[in-house]
Amino acid sequence: MAAPLRHATLRHDWQNHEIEALFAQPFNDLLFQAHSIHRQHFDPNAVQVSTLLSIKTGACPEDCKYCSQSGHYHTGLEKEKLLAVEQVLSAAEAARAGGATRFCMGAAWKHPSAKDFPYVLEMVKGVRALGLETCMTLGQLSREQTQALAEAGLDYYNHNIDTSRDYYQHIITTRRFEERLDTLAEVRAAGIKVCSGGIVGMGESQRDRIGFLRELANLPQHPDSVPINNLVKIAGTPLESVADIDPFDFVRMIAVARILMPVSHVRLSAGREQMNEQLQALCFFAGANSIFYGERLLTTSNPLESQDLALFTRLGIHPEPRQVREEEPLEKSTASALFHDAAAAH
Ligand code: SAM
Ligand code: DTB
Ligand code: SF4
(Lines give C-alpha, C1' and ligand atoms only; values in the text may rest on other atoms or scores of the structure.)
(Ligands and ions follow the chains in the order given, each with its own letter.)
Protein backbone atom coordinates (compact mmCIF):
# COMPACT_ATOMS: atom_id res chain seq x y z
CA MET A 1 0.00 0.00 0.00
CA ALA A 2 1.64 3.25 -1.12
CA ALA A 3 -0.23 5.76 0.99
CA PRO A 4 -0.39 5.79 4.78
CA LEU A 5 -3.43 3.80 5.85
CA ARG A 6 -4.76 6.13 8.50
CA HIS A 7 -4.55 9.77 9.35
CA ALA A 8 -2.27 10.49 12.29
CA THR A 9 -1.88 13.50 14.52
CA LEU A 10 1.64 14.53 13.73
CA ARG A 11 3.74 16.35 16.31
CA HIS A 12 6.38 18.96 15.54
CA ASP A 13 7.19 19.96 19.12
CA TRP A 14 9.28 17.08 20.38
CA GLN A 15 11.53 17.82 23.34
CA ASN A 16 14.91 16.19 23.94
CA HIS A 17 13.82 14.57 27.20
CA GLU A 18 10.85 12.89 25.49
CA ILE A 19 13.05 11.43 22.75
CA GLU A 20 15.60 10.38 25.36
CA ALA A 21 12.83 8.51 27.19
CA LEU A 22 11.86 6.68 23.99
CA PHE A 23 15.46 5.53 23.51
CA ALA A 24 15.79 4.55 27.18
CA GLN A 25 13.01 1.96 27.00
CA PRO A 26 13.92 -1.71 27.04
CA PHE A 27 14.59 -2.87 23.46
CA ASN A 28 11.44 -5.02 23.24
CA ASP A 29 9.19 -2.24 24.53
CA LEU A 30 10.64 0.23 22.02
CA LEU A 31 10.26 -2.20 19.12
CA PHE A 32 6.71 -3.10 20.12
CA GLN A 33 5.75 0.58 20.25
CA ALA A 34 7.43 1.40 16.93
CA HIS A 35 5.98 -1.64 15.17
CA SER A 36 2.46 -0.92 16.48
CA ILE A 37 2.66 2.62 15.09
CA HIS A 38 4.08 1.30 11.84
CA ARG A 39 1.13 -1.10 11.38
CA GLN A 40 -1.37 1.71 11.97
CA HIS A 41 -0.10 3.62 8.96
CA PHE A 42 1.55 1.20 6.56
CA ASP A 43 1.31 -2.28 5.20
CA PRO A 44 3.96 -3.90 7.48
CA ASN A 45 5.04 -6.27 4.70
CA ALA A 46 5.63 -3.65 1.99
CA VAL A 47 8.99 -2.01 1.37
CA GLN A 48 9.59 0.79 -1.12
CA VAL A 49 12.56 0.14 -3.46
CA SER A 50 14.72 2.93 -4.90
CA THR A 51 17.79 2.58 -7.10
CA LEU A 52 20.65 5.08 -6.95
CA LEU A 53 22.94 6.39 -9.66
CA SER A 54 25.84 8.81 -9.33
CA ILE A 55 25.37 11.12 -12.32
CA LYS A 56 28.47 13.17 -11.50
CA THR A 57 31.18 11.61 -9.39
CA GLY A 58 34.02 13.03 -7.27
CA ALA A 59 35.98 16.29 -6.93
CA CYS A 60 33.27 17.82 -4.75
CA PRO A 61 34.22 21.20 -3.23
CA GLU A 62 32.49 20.33 0.07
CA ASP A 63 34.45 18.80 2.95
CA CYS A 64 31.93 16.28 4.39
CA LYS A 65 34.22 14.12 6.52
CA TYR A 66 32.45 10.88 5.65
CA CYS A 67 32.44 11.22 1.88
CA SER A 68 34.45 9.39 -0.78
CA GLN A 69 33.67 12.20 -3.22
CA SER A 70 35.03 15.20 -1.34
CA GLY A 71 37.95 16.83 -3.15
CA HIS A 72 39.48 17.58 0.27
CA TYR A 73 40.59 13.97 0.91
CA HIS A 74 42.64 11.38 -0.95
CA THR A 75 40.21 8.52 -1.34
CA GLY A 76 41.51 7.26 -4.69
CA LEU A 77 38.12 7.79 -6.33
CA GLU A 78 38.21 8.45 -10.10
CA LYS A 79 36.36 11.67 -10.78
CA GLU A 80 33.89 11.76 -13.67
CA LYS A 81 32.04 14.43 -15.60
CA LEU A 82 28.26 14.63 -15.70
CA LEU A 83 26.92 11.50 -17.40
CA ALA A 84 25.12 11.90 -20.72
CA VAL A 85 21.32 11.90 -20.55
CA GLU A 86 21.21 8.64 -22.58
CA GLN A 87 23.53 6.88 -20.10
CA VAL A 88 21.27 7.90 -17.24
CA LEU A 89 18.13 6.75 -19.05
CA SER A 90 19.59 3.35 -19.87
CA ALA A 91 20.58 2.90 -16.19
CA ALA A 92 17.04 3.90 -15.22
CA GLU A 93 15.56 1.37 -17.64
CA ALA A 94 17.75 -1.35 -16.13
CA ALA A 95 16.63 -0.32 -12.64
CA ARG A 96 12.99 -0.49 -13.72
CA ALA A 97 13.52 -3.92 -15.27
CA GLY A 98 15.02 -5.05 -11.94
CA GLY A 99 11.89 -3.91 -10.12
CA ALA A 100 12.83 -0.49 -8.71
CA THR A 101 9.99 2.03 -8.53
CA ARG A 102 12.07 5.15 -7.85
CA PHE A 103 15.30 6.27 -9.48
CA CYS A 104 17.53 8.57 -7.40
CA MET A 105 20.24 10.54 -9.13
CA GLY A 106 23.07 12.11 -7.11
CA ALA A 107 25.75 14.63 -8.06
CA ALA A 108 28.89 15.63 -6.16
CA TRP A 109 28.22 19.35 -6.38
CA LYS A 110 27.92 22.23 -3.95
CA HIS A 111 25.09 23.31 -6.27
CA PRO A 112 24.24 22.67 -9.94
CA SER A 113 25.93 25.00 -12.46
CA ALA A 114 24.01 26.87 -15.17
CA LYS A 115 25.89 24.77 -17.75
CA ASP A 116 24.89 21.40 -16.32
CA PHE A 117 21.39 22.21 -15.15
CA PRO A 118 19.52 21.83 -18.50
CA TYR A 119 20.81 18.24 -18.75
CA VAL A 120 19.57 17.52 -15.24
CA LEU A 121 16.09 18.67 -16.26
CA GLU A 122 16.22 16.35 -19.28
CA MET A 123 17.15 13.47 -16.98
CA VAL A 124 14.14 14.15 -14.76
CA LYS A 125 11.78 14.26 -17.73
CA GLY A 126 13.27 11.14 -19.31
CA VAL A 127 13.22 9.04 -16.13
CA ARG A 128 9.67 10.16 -15.41
CA ALA A 129 8.63 9.16 -18.94
CA LEU A 130 9.90 5.64 -18.18
CA GLY A 131 7.23 5.41 -15.50
CA LEU A 132 9.60 5.68 -12.54
CA GLU A 133 9.36 8.07 -9.60
CA THR A 134 12.19 10.57 -9.80
CA CYS A 135 14.55 11.76 -7.07
CA MET A 136 17.55 14.07 -7.34
CA THR A 137 20.24 15.08 -4.87
CA LEU A 138 22.36 17.91 -6.26
CA GLY A 139 23.29 20.03 -3.22
CA GLN A 140 22.00 23.54 -2.65
CA LEU A 141 19.41 24.92 -5.11
CA SER A 142 18.38 28.43 -6.10
CA ARG A 143 14.68 29.23 -6.12
CA GLU A 144 14.67 29.26 -9.94
CA GLN A 145 16.34 25.85 -10.11
CA THR A 146 13.91 24.42 -7.57
CA GLN A 147 10.96 25.68 -9.58
CA ALA A 148 12.40 24.33 -12.83
CA LEU A 149 12.85 20.90 -11.23
CA ALA A 150 9.25 20.99 -10.02
CA GLU A 151 8.04 21.92 -13.50
CA ALA A 152 10.09 19.09 -15.04
CA GLY A 153 8.12 16.74 -12.79
CA LEU A 154 10.66 15.90 -10.08
CA ASP A 155 8.91 13.86 -7.38
CA TYR A 156 11.52 13.92 -4.56
CA TYR A 157 14.58 15.95 -3.60
CA ASN A 158 17.10 14.41 -1.22
CA HIS A 159 19.06 16.80 0.97
CA ASN A 160 20.20 15.41 4.30
CA ILE A 161 20.73 17.34 7.53
CA ASP A 162 23.20 14.51 8.26
CA THR A 163 23.43 14.82 12.06
CA SER A 164 22.56 17.06 15.01
CA ARG A 165 23.01 20.82 14.76
CA ASP A 166 25.85 20.61 17.33
CA TYR A 167 27.77 17.73 15.77
CA TYR A 168 27.33 19.06 12.22
CA GLN A 169 30.19 21.55 12.63
CA HIS A 170 32.57 18.66 13.38
CA ILE A 171 31.57 16.94 10.12
CA ILE A 172 31.13 19.72 7.53
CA THR A 173 32.56 23.23 7.52
CA THR A 174 31.84 24.30 3.92
CA ARG A 175 28.03 24.42 4.15
CA ARG A 176 26.02 25.67 7.12
CA PHE A 177 23.30 23.65 8.80
CA GLU A 178 20.89 26.57 8.33
CA GLU A 179 21.56 26.60 4.58
CA ARG A 180 20.44 22.97 4.43
CA LEU A 181 17.19 23.87 6.20
CA ASP A 182 16.67 26.75 3.73
CA THR A 183 17.09 24.37 0.77
CA LEU A 184 14.58 21.96 2.30
CA ALA A 185 12.08 24.81 2.76
CA GLU A 186 12.48 25.89 -0.89
CA VAL A 187 11.97 22.33 -2.10
CA ARG A 188 8.84 21.92 -0.01
CA ALA A 189 7.46 25.29 -1.13
CA ALA A 190 7.89 24.27 -4.79
CA GLY A 191 5.70 21.21 -4.18
CA ILE A 192 8.51 18.64 -4.43
CA LYS A 193 8.47 15.88 -1.80
CA VAL A 194 11.31 16.11 0.71
CA CYS A 195 13.72 13.27 1.41
CA SER A 196 15.96 14.14 4.35
CA GLY A 197 17.83 12.15 6.95
CA GLY A 198 21.44 11.54 7.85
CA ILE A 199 24.16 9.22 9.02
CA VAL A 200 24.92 7.43 12.26
CA GLY A 201 28.17 5.77 13.24
CA MET A 202 30.21 8.96 12.77
CA GLY A 203 31.36 9.08 16.40
CA GLU A 204 28.31 11.09 17.47
CA SER A 205 26.98 10.93 21.03
CA GLN A 206 23.55 9.71 22.09
CA ARG A 207 22.65 13.36 22.60
CA ASP A 208 23.52 14.00 18.94
CA ARG A 209 21.33 11.13 17.77
CA ILE A 210 18.45 12.60 19.76
CA GLY A 211 19.16 16.07 18.36
CA PHE A 212 19.34 14.75 14.79
CA LEU A 213 15.95 13.01 14.96
CA ARG A 214 14.40 15.90 16.86
CA GLU A 215 15.50 18.31 14.13
CA LEU A 216 13.79 16.19 11.43
CA ALA A 217 10.63 15.61 13.44
CA ASN A 218 10.28 19.30 14.32
CA LEU A 219 10.52 20.54 10.73
CA PRO A 220 7.31 22.34 9.66
CA GLN A 221 6.40 19.11 7.81
CA HIS A 222 7.99 15.73 8.37
CA PRO A 223 10.11 14.68 5.38
CA ASP A 224 8.17 12.26 3.17
CA SER A 225 11.22 10.03 3.18
CA VAL A 226 13.84 9.73 5.95
CA PRO A 227 17.06 7.92 4.99
CA ILE A 228 19.00 6.58 7.96
CA ASN A 229 22.49 5.73 6.71
CA ASN A 230 25.01 3.69 8.66
CA LEU A 231 28.42 5.15 7.87
CA VAL A 232 30.26 3.33 5.09
CA LYS A 233 33.85 3.94 6.19
CA ILE A 234 35.94 5.28 3.32
CA ALA A 235 39.74 4.96 3.44
CA GLY A 236 41.36 8.38 3.19
CA THR A 237 38.51 10.28 4.89
CA PRO A 238 38.84 11.62 8.44
CA LEU A 239 36.20 9.07 9.57
CA GLU A 240 37.93 6.03 8.10
CA SER A 241 38.51 4.36 11.46
CA VAL A 242 35.72 5.69 13.66
CA ALA A 243 34.14 3.10 16.01
CA ASP A 244 31.08 1.18 14.76
CA ILE A 245 27.64 1.93 16.16
CA ASP A 246 26.22 -0.95 18.23
CA PRO A 247 23.80 -2.71 15.81
CA PHE A 248 21.03 -2.62 18.43
CA ASP A 249 21.49 1.14 18.69
CA PHE A 250 21.06 1.34 14.93
CA VAL A 251 17.75 -0.52 15.23
CA ARG A 252 16.75 1.88 18.03
CA MET A 253 17.40 4.82 15.65
CA ILE A 254 15.00 3.31 13.11
CA ALA A 255 12.39 2.64 15.80
CA VAL A 256 12.55 6.16 17.25
CA ALA A 257 12.42 7.69 13.75
CA ARG A 258 9.26 5.63 13.10
CA ILE A 259 7.62 6.82 16.33
CA LEU A 260 8.50 10.50 15.78
CA MET A 261 7.50 10.54 12.08
CA PRO A 262 4.71 7.94 11.87
CA VAL A 263 3.63 8.47 8.26
CA SER A 264 7.06 9.05 6.68
CA HIS A 265 8.90 6.35 4.82
CA VAL A 266 11.98 5.48 6.90
CA ARG A 267 14.73 4.19 4.63
CA LEU A 268 17.27 1.63 5.74
CA SER A 269 19.95 3.25 3.60
CA ALA A 270 23.74 2.98 3.21
CA GLY A 271 25.53 0.36 5.26
CA ARG A 272 23.25 -2.63 4.53
CA GLU A 273 26.12 -4.58 3.03
CA GLN A 274 27.79 -4.56 6.44
CA MET A 275 24.58 -5.82 8.13
CA ASN A 276 23.45 -9.41 8.30
CA GLU A 277 19.93 -10.38 7.25
CA GLN A 278 18.71 -10.78 10.81
CA LEU A 279 19.65 -7.19 11.59
CA GLN A 280 17.91 -5.94 8.44
CA ALA A 281 14.80 -7.93 9.37
CA LEU A 282 14.82 -6.27 12.81
CA CYS A 283 15.03 -2.87 11.10
CA PHE A 284 11.96 -3.73 8.99
CA PHE A 285 10.14 -4.78 12.15
CA ALA A 286 11.16 -1.51 13.85
CA GLY A 287 9.55 0.51 11.04
CA ALA A 288 11.99 0.75 8.13
CA ASN A 289 9.95 0.53 4.92
CA SER A 290 12.27 1.61 2.16
CA ILE A 291 15.69 0.50 0.86
CA PHE A 292 18.25 1.32 -1.78
CA TYR A 293 18.08 -1.60 -4.19
CA GLY A 294 20.80 -2.50 -6.68
CA GLU A 295 24.42 -3.49 -6.32
CA ARG A 296 25.73 0.07 -6.18
CA LEU A 297 24.92 3.03 -3.96
CA LEU A 298 26.75 6.10 -5.33
CA THR A 299 30.40 5.06 -5.14
CA THR A 300 30.24 2.05 -2.82
CA SER A 301 28.59 -1.35 -3.04
CA ASN A 302 25.20 -2.49 -1.81
CA PRO A 303 23.76 -6.04 -1.55
CA LEU A 304 23.12 -7.78 -4.87
CA GLU A 305 19.57 -7.59 -6.21
CA SER A 306 19.37 -11.39 -6.00
CA GLN A 307 20.26 -11.26 -2.27
CA ASP A 308 17.56 -8.66 -1.60
CA LEU A 309 14.98 -10.58 -3.60
CA ALA A 310 15.82 -13.72 -1.63
CA LEU A 311 15.57 -11.84 1.67
CA PHE A 312 12.20 -10.35 0.69
CA THR A 313 10.92 -13.81 -0.21
CA ARG A 314 12.13 -15.31 3.07
CA LEU A 315 10.47 -12.51 5.04
CA GLY A 316 7.25 -12.40 3.00
CA ILE A 317 7.95 -8.80 2.05
CA HIS A 318 6.68 -7.35 -1.22
CA PRO A 319 7.77 -4.15 -2.95
CA GLU A 320 5.50 -1.18 -2.45
CA PRO A 321 3.81 -0.22 -5.73
CA ARG A 322 4.75 3.10 -7.23
CA GLN A 323 2.43 6.03 -6.53
CA VAL A 324 0.19 6.48 -9.55
CA ARG A 325 0.22 9.99 -10.97
CA GLU A 326 -3.09 11.72 -11.54
CA GLU A 327 -2.54 12.08 -15.29
CA GLU A 328 -1.68 8.44 -16.07
CA PRO A 329 -3.79 5.36 -16.71
CA LEU A 330 -3.75 2.80 -13.88
CA GLU A 331 -2.11 -0.05 -15.78
CA LYS A 332 1.20 1.87 -15.91
CA SER A 333 1.78 1.23 -12.22
CA THR A 334 3.00 -2.27 -12.78
CA ALA A 335 6.33 -2.01 -10.98
CA SER A 336 5.25 -4.67 -8.53
CA ALA A 337 4.65 -7.07 -11.43
CA LEU A 338 8.08 -6.18 -12.86
CA PHE A 339 9.64 -6.92 -9.48
CA HIS A 340 8.02 -10.34 -9.46
CA ASP A 341 9.37 -10.95 -12.97
CA ALA A 342 12.85 -10.00 -11.72
CA ALA A 343 12.47 -12.31 -8.71
CA ALA A 344 11.39 -15.16 -10.97
CA ALA A 345 14.39 -14.59 -13.27
CA HIS A 346 16.89 -14.95 -10.38
N1 SAM B 1 26.25 15.98 -2.90
C2 SAM B 1 24.90 15.96 -2.51
C3 SAM B 1 24.70 16.34 -1.08
O4 SAM B 1 25.58 16.08 -0.26
O5 SAM B 1 23.63 16.86 -0.75
C6 SAM B 1 24.23 14.64 -2.78
C7 SAM B 1 24.94 13.34 -2.60
S8 SAM B 1 25.46 12.94 -0.95
C9 SAM B 1 26.51 11.62 -1.27
C10 SAM B 1 23.99 12.32 -0.17
C11 SAM B 1 24.08 11.80 1.24
O12 SAM B 1 24.66 10.51 1.25
C13 SAM B 1 24.90 12.58 2.24
O14 SAM B 1 24.23 13.70 2.74
C15 SAM B 1 25.12 11.55 3.33
O16 SAM B 1 24.07 11.58 4.28
C17 SAM B 1 25.09 10.21 2.55
N18 SAM B 1 26.43 9.63 2.49
C19 SAM B 1 27.48 10.08 1.76
N20 SAM B 1 28.58 9.32 1.97
C21 SAM B 1 28.23 8.37 2.87
C22 SAM B 1 28.92 7.31 3.51
N23 SAM B 1 30.21 7.09 3.28
N24 SAM B 1 28.26 6.53 4.36
C25 SAM B 1 26.94 6.74 4.61
N26 SAM B 1 26.24 7.74 4.05
C27 SAM B 1 26.86 8.56 3.20
C1 DTB C 1 21.19 9.06 1.23
O2 DTB C 1 20.77 9.43 2.34
N3 DTB C 1 22.00 8.02 1.04
C4 DTB C 1 22.35 7.88 -0.34
C5 DTB C 1 21.46 8.95 -1.02
N6 DTB C 1 20.90 9.64 0.09
C7 DTB C 1 21.98 9.82 -2.07
C8 DTB C 1 23.80 7.95 -0.61
C9 DTB C 1 24.60 6.93 0.16
C10 DTB C 1 26.02 7.03 -0.26
C11 DTB C 1 26.86 5.98 0.37
C12 DTB C 1 28.29 6.11 0.00
C13 DTB C 1 28.61 6.01 -1.46
O14 DTB C 1 28.15 5.08 -2.14
O15 DTB C 1 29.37 6.87 -1.94
FE1 SF4 D 1 30.00 16.58 -1.81
FE2 SF4 D 1 27.64 15.48 -1.15
FE3 SF4 D 1 29.97 14.19 -0.66
FE4 SF4 D 1 29.36 16.33 0.77
S5 SF4 D 1 28.20 14.39 0.72
S6 SF4 D 1 31.36 15.89 -0.16
S7 SF4 D 1 28.31 17.58 -0.73
S8 SF4 D 1 29.13 14.68 -2.63
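**View 1. Surroundings of ligand 2.** A polar side-chain atom of Asn-160 is placed 2.8 Å from an oxygen atom of ligand 2, a polar contact being a pair of N or O atoms within 3.5 Å, where within protein one must be able to donate a hydrogen and the other to accept it, and residues adjacent in sequence count only if both atoms are side-chain atoms. This is a predicted model, in which local features need pLDDT of at least 70 and side-chain atom pairs count only at pLDDT 80 or more, while totals for chains, interfaces and linings use all residues. Residues are numbered from 1 along each chain as its sequence is written, chains are lettered from A and ligands numbered from 1 in the order in which they are written, and side-chain values use heavy atoms, with hydrogens and water left out. Thr-299 brings a polar side-chain atom to 2.6 Å from an oxygen atom of ligand 2, and an N or O atom in the side chain of Asn-158 is 3.1 Å from a nitrogen atom of ligand 2. Taken alone, ligand 2 exposes 400 Å², of which the protein buries 86% (Shrake-Rupley method with a 1.4 Å probe; for residues, only the protein chains shown count as cover). There are 13 residues around ligand 2, and Asn-160, Asn-229, Leu-298, Thr-299 and Thr-300 come nearest (a residue is near a molecule or strand if one of its heavy atoms lies within 4 Å of it). The shell around ligand 2 divides into six nonpolar, seven polar and no charged residues, where Ala, Val, Leu, Ile, Met, Phe, Trp, Tyr, Cys and Pro count as nonpolar, Asp, Glu, Lys and Arg as charged, and the others, Gly among them, as polar.

**View 2. Surroundings of ligand 1.** Asn-160 also has a polar side-chain atom 2.9 Å from an oxygen atom of ligand 1, and a polar side-chain atom of Asp-162 lies 2.7 Å from an oxygen atom of ligand 1. A polar backbone atom of Ala-107 is 3.1 Å from a nitrogen atom of ligand 1. On its own, ligand 1 has 560 Å² of accessible area, and the protein covers 90% of this. The shell of ligand 1 holds 16 residues, the closest being Ala-107, Thr-137, Asn-160, Asp-162 and Val-232; by class, nine are nonpolar, six polar and one charged.

**View 3. Surroundings of ligand 3.** Cys-60, Glu-62, Cys-64, Tyr-66, Cys-67, Ser-70, Ala-108 and Arg-175 surround ligand 3, a shell of five nonpolar, one polar and two charged residues.

**View 4. The largest cavity.** The structure holds one cavity of 30 Å³ or more, and the largest cavity contains about 830 Å³ of space (on a 1 Å grid over the protein atoms alone, a set of points where a 1.4 Å probe fits but cannot get out, with lining residues having an atom within 4 Å of a point; points are joined across faces, edges and corners, and the volume is the space filled by probe spheres set on them). The lining of the largest cavity comprises 38 residues, with Tyr-66, Cys-67, Gln-69, Asn-160 and Leu-298 nearest its centre. Strand S2 (102-107), strand S3 (133-137) and strand S7 (225-230) are the elements that give two or more residues to this lining (strands, E, at least two residues, and helices, H or I, at least four, are DSSP runs numbered from the N terminus).

Note on methods:
On a 1 Å grid over the protein atoms alone, a cavity is a set of points where a 1.4 Å probe fits but cannot get out, and a pocket is an open set with protein on both sides within 12 Å along at least five of seven lines; lining residues have an atom within 4 Å of a point.
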